[in-house]
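Please read the following report on the salt bridges of a protein model alongside its sequence and coordinates.

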2 protein chains.
Amino acid sequence: MTNTYQLTLADIASQEAAYVETIFSLANGHLGLRASDPVMTSATAGTIVNGFYETRPIVYGEAAVGYAKNHQTIVNLPDLRHIHVQTATGDVFRASERQATTLNLATGQLTEQFELRTAADQRIRLTLTSVVGQTTNEIGLRYQFEAINYTGQLQVTKTLAAIDGDEASDDPRKARQVTSLNFATAQVSPRQTNVTITTQTSHKAITLGVLAMGEALTQTIELADKPVLDYIGAVSVIDQPLPAMVGDFATIAADSAQYWRKVWANSAITIEGDDQLTQALHYNLFQLNQAAGRDGVTNIAAKGLSGTGYEGHYFWDTEMYMLPYFIYTQPELARQLLAYRYSILPQARKRAKALGVAQGALFAWRTINGEEASAYYPAGTAQYHINADIAYAVGTYMDVTDDRDFLNQMGFEIVLETARFWAQFGSYRETQAGRRFEFFDVTGPDEYTAIVNNNYYTNRMAKHNLMLAQQLARLVDPAVLRRLNVLDSEVQAFGQIADDIYLPYNQEHQINAQDDSFFDKPVWPFESTPKSHYPLLLHYHPLTIYRHQVAKQADTILAEYLFPADTDQDQLLREYRYYEQITTHDSSLSRSVFSMVASRLNQMDAAYHFFMDTAQMDLVDLQGNAADGLHLANLGGSWLALTTGFAGMHIVNGQLQFTGHLPAAWSKLTFRVRYQNRLLQVEIDQQQLAVVLLEGDALTITIDGEIQTIRQA
Amino acid sequence: MTNTYQLTLADIASQEAAYVETIFSLANGHLGLRASDPVMTSATAGTIVNGFYETRPIVYGEAAVGYAKNHQTIVNLPDLRHIHVQTATGDVFRASERQATTLNLATGQLTEQFELRTAADQRIRLTLTSVVGQTTNEIGLRYQFEAINYTGQLQVTKTLAAIDGDEASDDPRKARQVTSLNFATAQVSPRQTNVTITTQTSHKAITLGVLAMGEALTQTIELADKPVLDYIGAVSVIDQPLPAMVGDFATIAADSAQYWRKVWANSAITIEGDDQLTQALHYNLFQLNQAAGRDGVTNIAAKGLSGTGYEGHYFWDTEMYMLPYFIYTQPELARQLLAYRYSILPQARKRAKALGVAQGALFAWRTINGEEASAYYPAGTAQYHINADIAYAVGTYMDVTDDRDFLNQMGFEIVLETARFWAQFGSYRETQAGRRFEFFDVTGPDEYTAIVNNNYYTNRMAKHNLMLAQQLARLVDPAVLRRLNVLDSEVQAFGQIADDIYLPYNQEHQINAQDDSFFDKPVWPFESTPKSHYPLLLHYHPLTIYRHQVAKQADTILAEYLFPADTDQDQLLREYRYYEQITTHDSSLSRSVFSMVASRLNQMDAAYHFFMDTAQMDLVDLQGNAADGLHLANLGGSWLALTTGFAGMHIVNGQLQFTGHLPAAWSKLTFRVRYQNRLLQVEIDQQQLAVVLLEGDALTITIDGEIQTIRQA
């Protein structure tokens, strides 16, 4: 029987080193450790710190005004797990083979077994247990040695190994090279080494330290004793000194275990009939939790803290794919993630001006420090929808928490400034069909179509952004309205514009249209495209892709998931069928959305199929590039497909609703969510969906279309 | 009275050094000399050789498949005019002030007077006369010295000065830095130094040489004698050794004078009533002639050989703005320029494949060696129209020359391969209005609108390209058809597709529409745009420009000029008025086209106004950046506005036609053209347009709508 809180080498797609490093990476929202081999060095090994980046100018073949100026690249820091092991005669154990690996999702402990070899084929066994503190930035490292054919003395030195430079790559999904780091090493005591790393151009500093629990960092041990050496590693807060290390392995492990107990209390999932799937979902949520910045000034990178792919940047993925999980299970953490967006609002105001919009704010498409770092605006800055995505997340957070303090402090200002942007960015046009408010030269979520007019998703989301600003203006403290110079007339204008925003519709197919000209284009020649030519972006010029009807990911369908009251089932079915056949799912963000919409349509075979690909994406390496880091958005997407998909969870007009659709393969699905200071347990079997109130006051909800009031037993 | 074959400092906009260097640059289609100060060094001084470039990888902030791989950058070579002058005591004349400059357009001689100064304020006068061989690559340099307050001995050394590195710039219209040059200097004799320059990555070599007509390159002279020192400079053919220098100043000057006599025999213009304008036009044609590559493997760079702007690249400008002048006055040279396109057809075939089109050829948007060098595809590769532009030029060349040898050797293959591209690149769509052939995600000539569907200019030109292929298939040697695997069915398909190509029309304004969505967009806020914010491209993000109705240059109007039979006068007037008010003319390619269309509409004030800006563009520095090099396309445009504009010269259904429209300011306009082995003189006064046959057989033409047969007197 599968332990649903444990992952081993047998559960994953391959033993390829970089892939294994990603899958078994450990983190605490601030620091991330890849599960790299502790005695070998590689370009992919290293420690990552959320938001610790270096900048360098973006070089354009042909530059233009208003382009993003600087790359922001997350820095690969020295590997805290590295260790130097040699025999009494100085033969170094440089070669290593991974024998076993077990990640305990309930405690956060990672146990790995390696067979180490010298050049003279002297062999020993190393068992390394790693655990990351969740309320501190200390990590516990336990190295246990056993003889194989070498039985003598060992000299073990804990080091802070330097990192190899990354190689440059044309694959936009990989990370870039950072070479401008300064290292200052301090031997604090025989037991402790610190290294302070400063970046040359972003002017940031961080300190890493390692501490031996024995007498010194270098120790000589006898293999016959099956010796165990404990070390503590630690990472400072950015631009702050490293505090004294206070934990030992046991206290760090206890801290970790306690943290995960709390997480699972709200996040545990049971799928009766598929333990392996439950395990995959637990893994997904484990990694999602590890990746999320908890300090209000960091966010969740596209690859989390599991790799340097996408340069450690934060995208719209956080709000649209990952934040719902946190809003519904750990609203305090969701607030911190939204606080990050508030912290970069000044940069977003500047960016709006740079894009020719005098009022409001435009959030950067990809960023760490709030400034735009997208070097290809057609699939970057042109994705203006990020503004509305962030506003949508604020709306969901308010629906679920009713956190007025957040609204007054930050939330309203975010929604207001993004709404102001839309009002100025769009334009009115008189048409035979009436007066329309439109948006030109934008790119929607589907990056296989760029620079189009009236992208349905963008327009629908902008409409929501403006309506939300109007709604929240009624809820927010009037003093905030005065501080932000919000007049009644402005709020009314938001409502009017929202009403007038044009939503393209294709008459021929009787479905919402991805954009004004999407259906004019010829369909991509799928039948003559070899399988090896996917993902298309790695095989065709953007112009070739753009001039065809082909989608990388859900776009209009994504809007349908977000606004379940918009479209009736008949039209939705037509839409789903049409878009599904022209979508390649080359983006990891696609399948979870198709699964949700398929659930709503009771297309349960398809919903199940898309869900399985989503739930196990990195564990089966579906996208083929998990070695660069996990697909964080998809991890969140798997939770969405479960809750919003199979359980039909939505908030409509301030009321929580559920509609059950259970795949035939399962007998029961159980999960928990928090909602307005309550804890709910949702249980779906093949007959019905039931909601049990575990904590909090009675609540009126809608289940399968019927209004019910639930109370604690 | 103005000498219409002479230009002096009094005739130009400013005395700013880099600007003067451009205006008075000398060239012979192969080598170009900027009129830089001969004793000072500057980043803008130097010798340019047509087609001598270095490559380096294009760095993209975010790269993608099929992007242009390498920059091709014209190389700034040592300044052949540089000289080192010092007093007997070693005081070097490093400072210099230009006193007078005269360019003789009839002989090609440039005479410049400088006052040279040492740090100790010793002053002398230098008169430098430069002349470039037109049938050799030798240049004559005559340095004459006179005392001012220094009267003693001078030591003069002819050098091949190294060039300062250019500075990098964000302005896409400037040149880039080339640092990877190897210099090998050979002291051939006391009289001669050669320097061979090889590029590190494009693997090209060129040799420059200087030869003293006296005993040695270094000579000591007495100022009291008003001494004259002659030197010869020479430039090899690319990748060939430098031949022995055979000319002296007089023979090179004679060669130059003879060449220009021949040019003016066909190119002389008389505008009675405005000698200054006649002078400007002569200057324009002089520079156009200097810039044109004559060897069949080079072309005309956007800045000619007058500067390194636009990296010395060849664009569509050659065919659409410059080639008509050569076709109608020097068809042999026009053939050589088209031969260059034929020479890069293999690269164009590869490029088509890289853009997802299996058959045919796609010419690079900007190139020297035939490979795409545009690092920004929305205003580069997406301008597919270059294919049809080149085909159009072949068509004009055939109309004017009926050169069957060219057709069989090269011309048909160019037109065929470009037609094949269009047939595969476009796609059929069933609409309520019938079956249409369409082109998606293209950019027209107007670079303030990019990545649009059904750009009128592109579609109309593609239609012409396909029809031309069909027509020329009837004319070409059948053996050529067999060699190129042309079946009747393919030729018929070309005709069908040409018929079916969709040409967008705007019902509201009753005019041809620049593209499918051009009129949906809000008009650019011209009234709130300060004058200092033009050109817009240097002040606004591309996305901001693209989402508005605003044109950098003629686009639909350009198609109207090219196809005079397409549109009646009423519609044309509406179109002209509409597009004129939303065009900024930020491109130097715009005004000449508006002038031509205004002439056709008998809007003679406007035609005259646009023409004057065109004719004097660089002499008044209208665009403000002539320092980087001349606007070659506009030089050709001024000839077009005169001939096709004021004289209404067109070939319609194989017949040459003229329609006279003379601006009120002039009493008479006279110019000459060659047409099918004839030489015609066109004379327009306020009463009528007359065509005199100077050479060749009788010819039937249309003048002001009446068919006439003209015979030699």
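## Overview

The model is predicted, and 58 salt bridges are found in it over all chains.

## A network in chain A

Salt bridges link Arg349(A), Glu413(A), Glu417(A), Arg420(A), Arg483(A) and Glu490(A) into a network. Within this group, Arg483(A) pairs with Glu413(A), with 3.3 Å between the closest N and O atoms. Because Arg483(A) belongs to helix 10 (residues 478-483) of chain A and Glu413(A) to helix 8 (residues 404-425) of chain A, this pair ties together parts that are 70 residues apart in sequence.

The two partners fall into separate accessibility classes: Arg483(A) is partly exposed at 46% relative accessibility, whereas Glu413(A), at 7% relative accessibility, is buried.

## The pair Glu430(A) and Arg435(A)

Another salt bridge in chain A joins the side chains of Glu430(A) and Arg435(A), with an N to O distance of 3.3 Å. Glu430(A) has a relative accessible area of 59% and is therefore classed as exposed, the cut-off for that class being over 50%, while Arg435(A) counts as partly exposed at 46% relative accessibility.

## A strand-to-strand pair in chain B

In chain B, a salt bridge connects Asp230(B) with Arg142(B), the closest N and O atoms being 2.8 Å apart. Asp230(B) lies in strand 17 (residues 228-235) of chain B and Arg142(B) in strand 11 (residues 138-147) of chain B, so that the pair ties together parts that are 88 residues apart in sequence.

How values were computed:
Residues are numbered from 1 along each chain as its sequence is written. Chains are lettered from A and ligands numbered from 1 in the order in which they are written. This is a predicted model: local features need pLDDT of at least 70, side-chain atom pairs count only at pLDDT 80 or more; totals for chains, interfaces and linings use all residues. Side-chain values use heavy atoms; hydrogens and water are left out. A salt bridge is a side-chain nitrogen of Lys or Arg within 4 Å of a carboxyl oxygen of Asp or Glu. Helices (H or I, at least four residues) and strands (E, at least two) are DSSP runs, numbered from the N terminus. Buried means under 20% relative accessible area, exposed over 50%, partly exposed in between (1.4 Å probe, protein chains only).
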